[in-house]
Amino acid sequence: MATASRPLRIAFLHPDLGIGGAERLVVDAALGLQALGHSIDIYTSHWDPNHCFEETKDGSLKVHYIKPPLPRSFGGKFHILCAHARQLHLITRLLTPWAPKYDVYFVDQLSTCVPFLRNVGSTRVVFYCHFPDKLLANGAFIDGNLVKKQGSLLKRIYRYPMDWLEEATTRQADVILANSKFTARVFKSYFPSISQTPGVVYPGINIQAYASQVDNSDPEISRISSGRPTLLSLNRFERKKNAALAIEAFAIVKSRLSTKDVRLVLAGGYDPRLQDNIQTLGSLIELTEAHSLTYNIETPAVSTVPVPQHLKQDEPDILFLLNFTTAQRTALLNSPSTKALLYTPANEHFGIGPVEAMICGVPILACDSGGPTESIVDTPSDVRTGWLRPPDPVVWADMLQEILALPPHDREALSVRGKERARELFSLDAMSKGLEKALVMAVSLGDVDNFGFKILASMVAFVIAYVSTLLVFPSS
C-alpha cells in the first residue's frame, strides 16, 4: 500500500457542514488523516455552530466557513443550480494568488469545482462519490433500476445540463472513490463516459468516540435515558430515510406485547432551513398520533432550533431527538436498555448507522438493499451481525419481537461479532489509510497538464474582451 513519504497539505471541500452521514464521514476522514500527520483545512459554504458536529467547533479541526452571497434555493426551486454557484463562489477563496497552497484537494458530493481546482489551481483532486446526484434528482433507485419521476418538460430541460455537468466535471478528477461497492457499480452504469473505475473506501468511524465514558448525571443524558427496552433509529429527518417504517413496526410490536413497556427513539439531524426536514418531522408526528402513541420532542439545551409545540409526556412511547450531541449518541448506543438499531432507508448508498451500532455491540435490523448488505452479515447465523429484511412493517415487527426475545448468550455473541467486524473493516484507521493511499496516488501523478485548459480559458477571455470592445467602440 502506498503511504506518504512526507506530510501532505490537504484541503477538504464540502458544501454544508451540518449533521448527517456525509458530514460525519468528512469530519472523521479529516481527523484520521490529521492523526496520520497530514495538515487538514476544511472549506464549506455553510456552517452553523448550533447545528454541527462538535469537532468542527472545539478546535479539533480547522474549518473555513466562506459565506456565499447566494441562497440555497430560489423559492424552494433551483437547488442544484444554487449549489453549483455556491461552490464556485467557495473556490474563489482558493484560486486567488494569495490563497494557501495545497498538495491535493479532497472533494465530495459536488464535483463542479473539480476542473477549476485541477486546471486553474494546478493541483490534483480526489473526488469521493456518495451517490450520483442525477439519480437522486431524477427518481428513486430501486433494486438496481432507476424508477424515473414523471417530471415536467421544463424540469427535464433544466436537469439535462445539470446531469451533463456532473458527469463532465467528475471525469476531471485524478482519482475517484466511492463509499461502497453498490455505489461504484451504479457509478459505472450511469456515467458511461468515465473510464476510471472508482476505488472503494468504506466510511469509517472513530471507535474511541463510541467507547468514551458517559456522565449519566448530565441533564442532557438523563432526560433522554430510560430503563425501558429501547429501539433506536439514527437518521436525518428526511422523507427518503423512511423513519415511518420504524413507527409502523413499533406500533405493531406494542400491540402484540403483553407488556407495553418498550419505547422507540428517533434521533437525527434536523435543519429548519429545509422544507423536507420540517415536513418529515410533521408527518412522523401525525403517524405517531394516528397510532395513539405518545411522544416527546427533545433538542440539546444549547440548540436554538424551533420545534413543534406539544404536550410533554412522562415516559413517552416515542422520543424524537433532534440534533443529538455526541454524548447523547454514545449514551444511547451503549445503554444496556438499547435492544436494537432500526436502519430504515432502502437502497442506502452506504449508511453509517449500522457501523455505529456494530461497534457498540447493538443488534441491527436494516433493509435488504444497498450499502447495508455490505456492512451487515445476516447469514449464516453463527457469523451474523444483524438482520436484513424487506421494508415491510409486519416483517419488521416479527423480526423485532425475535430480537427483543434474544437470550443473553446469543445477544452477547452477536455483540462480539459486530465489534470485531466494525474494527476490521470500518475503523477510522482503515478509512484513513484508504484515503491516504488515494491522495498519495493523486499527488504522485506529478504536475497537472493544464496547457489545453489554459489555452481555452485564454481564448474565452479574448472573445469576451473583443466583444466588450465592439460594444464600447462600435465601428462606424
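Student: Which side chain does the side chain of Glu 55 make a polar contact with?
Tutor: The partner is Arg 24, at 3.0 Å. A polar contact is a pair of N or O atoms within 3.5 Å; within protein, one must be able to donate a hydrogen and the other to accept it, and residues adjacent in sequence count only if both atoms are side-chain atoms. Bear in mind that this is a predicted model, where local features need pLDDT of at least 70, side-chain atom pairs count only at pLDDT 80 or more, and totals for chains, interfaces and linings use all residues. Residues are numbered from 1 along each chain as its sequence is written, and side-chain values use heavy atoms, with hydrogens and water left out.

Student: Is Glu 55 buried or exposed?
Tutor: Glu 55 counts as buried because its relative accessibility is 13%. Buried means under 20% relative accessible area, exposed over 50%, and partly exposed in between (1.4 Å probe, protein chains only).

Student: And where is Glu 55 found?
Tutor: In the loop between strand 2 (39-44) and strand 3 (63-65). Helices (H or I, at least four residues) and strands (E, at least two) are DSSP runs, numbered from the N terminus.

Student: OK, helix 1 next. How many of its residues are buried?
Tutor: Twelve of the 15, so helix 1 is largely enclosed by the rest of the structure. Arg 24 is one of those buried residues, and so is Leu 31.

Student: Changing topic: how many residues does the largest nonpolar core have?
Tutor: It has 37, and Leu 264, Ile 318 and Phe 320 have the most contacts inside it. Such a core is a set of buried Ala, Val, Leu, Ile, Met, Phe, Trp, Tyr and Cys residues joined through side-chain atoms within 4.5 Å. Helix 9 gives the most to this core, with seven residues.

Student: What does Ile 318 touch?
Tutor: Not counting residues up to four places away in sequence, its contacts include Ile 247, Phe 250, Leu 264 and Tyr 295. Apart from that core lies another, of 32 residues, with Leu 17, Ala 30, Tyr 128 and Leu 435 among them.

Student: Last one: is Thr 197 buried or exposed?
Tutor: Thr 197 counts as exposed, because its relative accessibility is 55%. Its place is in the loop between helix 6 (181-190) and strand 9 (199-200).

Note on methods. Contact means heavy atoms within 4.5 Å.
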